[in-house]
Amino acid sequence: MIECTVQKESIMKRRILITGATSGIGLEVAKALVNEDVQLILGCRNLKKADEIWGQVRPIGGAKIEIFELDLSSFESIDKFSLEVEKSVSGLDVLVNNAGLYMDHAKKTHEGFEMTIGVNHIGSHYLTHKMIPLLLKGESPQILNVCSKAAYYGKVVKRDDFFQNHPFGFKAYSTSKLLQLMVTMELAKQLKPDGISVNAIHPGGVNTNIFRGDTLIMKIVRKTNQKFTISAHEAAKSVLTFIQDEKKWKITGGFFEKDAIKINVNPRLIDPVSCEEWVKRTEDAILAKASPKKPKMFKLGERPEV
């Protein structure tokens, strides 16, 4: 854990957890909040990089910042991170599921899921469920999933090995974002009675380092991406709107882009029956791989004791 605190006389306000806060949108969202009376909990895969970056940021802000290691491709890492967060805060007000990747080659997570789907969808969903007990203790709690209109091109197929044996590249990325959008809609329905809002955010075409890899196509994509996309700083505003504007805290079950404009999604993509089914399929896949020594994630309709 890395901790840095800038003293300020006012009482600490919202407790905000952001994943993927060493680059791109996650970093820009976190940097925009350091002058506010908040507690930032940052989940970062590379602690050395996080320390280098936040060592430069900490003198200018008013927030309390805590940084913990988090690798969404590993349930063990998610479990460890969750325990650290539980020790650090008594409740959580905002969870920003920002961390994600795009793979140009075949690779599996520690649990054997295709890497892109395993990180962007399954790892984020597992973490979300781990954080729900804390969110239930929060003030106007929010879950914000950084999604993408790439979801329109995703495709889900009902087969037992779907999460394990899926093509990589754009097929996996678009499918991971479709699943993320479906999860958003289902969790919004599940958690609305508990006062937790859940929304998906399309930040726009963003110039970040998400397109990793050394293949020719990745080099072309990165070069093209730099010409026709907005900066991460600009894209972060779409997320910050929901964190900073109190009028947005109670909005739930939507897909939004810049200036909190609601996106009209084809109903076929977010059919409630399909959304519920794929959330259940995801949770069954997680439970099949989660360590029996760890507390089990609660299933659809269940609520943990708080």
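**Rings, cores and backbone**

Reader: At what distance from the ring centre does Arg14 lie over the face of Trp249?

Author: A charge sits over a ring if NZ of Lys or CZ of Arg is within 6 Å of the ring centre and within 35 degrees of the ring normal. Arg14 lies over the face of Trp249. From the ring centre, the distance is 3.7 Å.

Reader: What kind of model is this?

Author: Residues are numbered from 1 along each chain as its sequence is written, and side-chain values use heavy atoms, leaving out hydrogens and water. Local features need pLDDT of at least 70, side-chain atom pairs count only at pLDDT 80 or more, and totals for chains, interfaces and linings use all residues; this is a predicted model.

Reader: How many residues does the protein have, and what percentage count as buried?

Author: Buried means under 20% relative accessible area, exposed over 50%, and partly exposed in between, with a 1.4 Å probe and protein chains only. The protein has 306 residues. The buried share is 53%.

Reader: Why is the pair of Tyr102 and Tyr173 called tilted?

Author: Rings of Phe, Tyr and Trp (its six-membered ring) pair if their centres lie within 6.5 Å; planes under 30 degrees apart are stacked, over 60 edge-to-face, and the rest tilted. The whole structure holds 9 aromatic pairs. In one of them, Tyr102 and Tyr173, the centres are 5.5 Å apart and the planes stand at 45°, so the pair is tilted.

Reader: How many residues apart in sequence are the parts that this pair ties together?

Author: Helices (H or I, at least four residues) and strands (E, at least two) are DSSP runs, numbered from the N terminus. Tyr102 lies in the loop between strand E5 (94-97) and helix H4 (115-135). Tyr173 is in helix H5 (residues 170-191), so the parts tied together are separated by 71 residues.

Reader: Are Tyr102 and Tyr173 buried or exposed?

Author: Tyr102 has a relative accessible area of 9%. For Tyr173 the value is 11%. Tyr102 is buried, and Tyr173 is also buried.

Reader: Which residues touch the most other members of the largest nonpolar core?

Author: A nonpolar core is a set of buried Ala, Val, Leu, Ile, Met, Phe, Trp, Tyr and Cys residues joined through side-chain atoms within 4.5 Å. The largest one has 53 residues. Touching the most other members are Val85, Met131 and Phe163.

Reader: Which elements give two or more residues to this core?

Author: Three of them are helix H3 (75-88), H4 and H5. The list also takes in strand E7 (197-201) and, finally, helix H8 (272-289).

Reader: Which strand do 5 bridges join to E2?

Author: Strand E2 (residues 15-19) is mostly covered, with 5 of its 5 residues buried. Arg15, Leu17 and Thr19 lie on one side, Ile16 and Ile18 on the other. Strands pair if DSSP finds at least two bridges between them. The parallel partner is strand E3 (residues 39-44).

Reader: What is the bridge partner of Thr19 in E3?

Author: Thr19 is buried on one face of E2. Its bridge partner in E3 is Gly43.

Reader: What is the phi of Asp259?

Author: Most residues other than glycine have a negative phi. Asp259 lies in the loop between E10 and strand E11 (261-262). Asp259 is exposed, at a relative accessible area of 59%. Its phi is positive, near 65°.
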